[in-house]
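Hi everyone, thanks for coming. I'd like to walk you through one model today, so please have the picture in view while I talk.

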Amino acid sequence: MGESASARMWTSAQEPPEDSPEWVSRERRRIRDTLLSTHPFPYPCHFGAIGEAAGNNYYTFMNLRRDFSGEVAAVARDLAHFIGIQRGSPEERLSFLLMVGPPSGERDFAGYRALFWKVLSGLHSSDRGPRPPDVPDDPDDPKWDFNFGGERLFGFGMCPAYGPRRSRALGQCLLIAMQSRSVFGNIGGSTAAGRAAKRRIRRSLSRYEDVPLLSDAGDGLGSTAEKWKQYFPEIDGRPLTGGCPIRWERR
């Protein structure tokens, strides 16, 4: 089970802080129920489901009814703390789950995508840590990956507007999940174990949702470049074009 986190962040083995907005508890229950459900099929990313059951998913929230910059700063503190926990437990596969709400029935898919990149841009602006030496400091470089506090991260967005892409529609608000790339060291796309895990997830996805597999996720035989295209892909899975939308300050 993951260790306790901070005043705002909690693990999937715990309840949200008592002073959290009411929508936070509702969203957390929706997400947990989806991750742990086995009907009609289990959630296709078994790492996320296992982490939820084991207490290794770390939750926090951003309240859009409050000052945005202040909320970004609070999330940045939680993310830095999460990275420290992951570094202290390299054998654990931990996930950081950020709920951005409250839910809004007026936001469409484009609005959720814009909000996703706004949040990542804000976190980057709040980052005072070093840049990972193996990550280019240019989002237009195919090898670029989002990073924070000197840690290379894989982030991806989920929202209700994903509709038929059910694996990306876990609740009623924007959900941003992040994991350290370090936890994929032995299951990277270039390894036999990584290719096997990718094939397993692709088979699970084909059962779980009636939409094409993501074009930008590769063919199951290896890792793909331009990881950012997997962060918030199209609903129908067609490839993204153009440059990375993040606002990035080179250092």
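This is a predicted model: local features need pLDDT of at least 70, side-chain atom pairs count only at pLDDT 80 or more; totals for chains, interfaces and linings use all residues.

Residues are numbered from 1 along each chain as its sequence is written, and side-chain values use heavy atoms, leaving out hydrogens and water.

Now, to strand E2, residues 57–63. Seven of its seven residues are buried, so E2 is largely enclosed by the rest of the structure. In a regular strand, side chains alternate between the two faces of the sheet. For E2, both faces are covered: Asn-57, Tyr-59, Phe-61 and Asn-63 are buried on one side, and Tyr-58, Thr-60 and Met-62 on the other.

What does E2 belong to? An open sheet of six strands, with mixed pairing and the order E1-E2-E3-E6-E5-E4. Strands E1 (10–11) and E4 (147–148) stand at the edges with a single partner strand each, so one side of each has no neighbour in the sheet. Two strands pair here if DSSP finds at least two bridges between them. E1 and E2 pair in the antiparallel sense over two bridges, with Trp-10 opposite Tyr-59. E2 and E3 pair in the parallel sense over seven bridges, and there Met-62 stands opposite Val-100.

Helix H3, residues 68–88, lies across E2, E3, E4, E5 and E6, and runs at about 170 degrees to E2. For that angle, axes are lines fitted to C-alpha atoms, for helices over the stretch in contact (heavy atoms within 4.5 Å), and angles run from 0 to 180 degrees between N-to-C directions. E2, H3 and E3 make a right-handed β-α-β unit; right-handed means that, with the strands pointing away from the viewer, the path from the first strand over the helix to the second runs clockwise.

On to the aromatics. Rings of Phe, Tyr and Trp (its six-membered ring) pair if their centres lie within 6.5 Å; planes under 30 degrees apart are stacked, over 60 edge-to-face, and the rest tilted. How many aromatic pairs does the whole structure hold? The search finds 16. One of them is Tyr-58 with Phe-82, edge-to-face at 5.8 Å centre to centre and 65 degrees between the planes. Tyr-58 is in E2 and Phe-82 in H3, so this pair ties together parts 24 residues apart in sequence. Tyr-58 is buried at 0% relative accessible area, and Phe-82 is buried too, at 1%.

Let me finish with a ring cluster: ring pairs link Phe-109, Phe-116, Trp-117, Phe-154, Phe-156, Tyr-162, Trp-228, Tyr-231 and Phe-232. Thanks, and I'm happy to take questions!

Methods: Helices (H or I, at least four residues) and strands (E, at least two) are DSSP runs, numbered from the N terminus. Buried means under 20% relative accessible area, exposed over 50%, partly exposed in between (1.4 Å probe, protein chains only).
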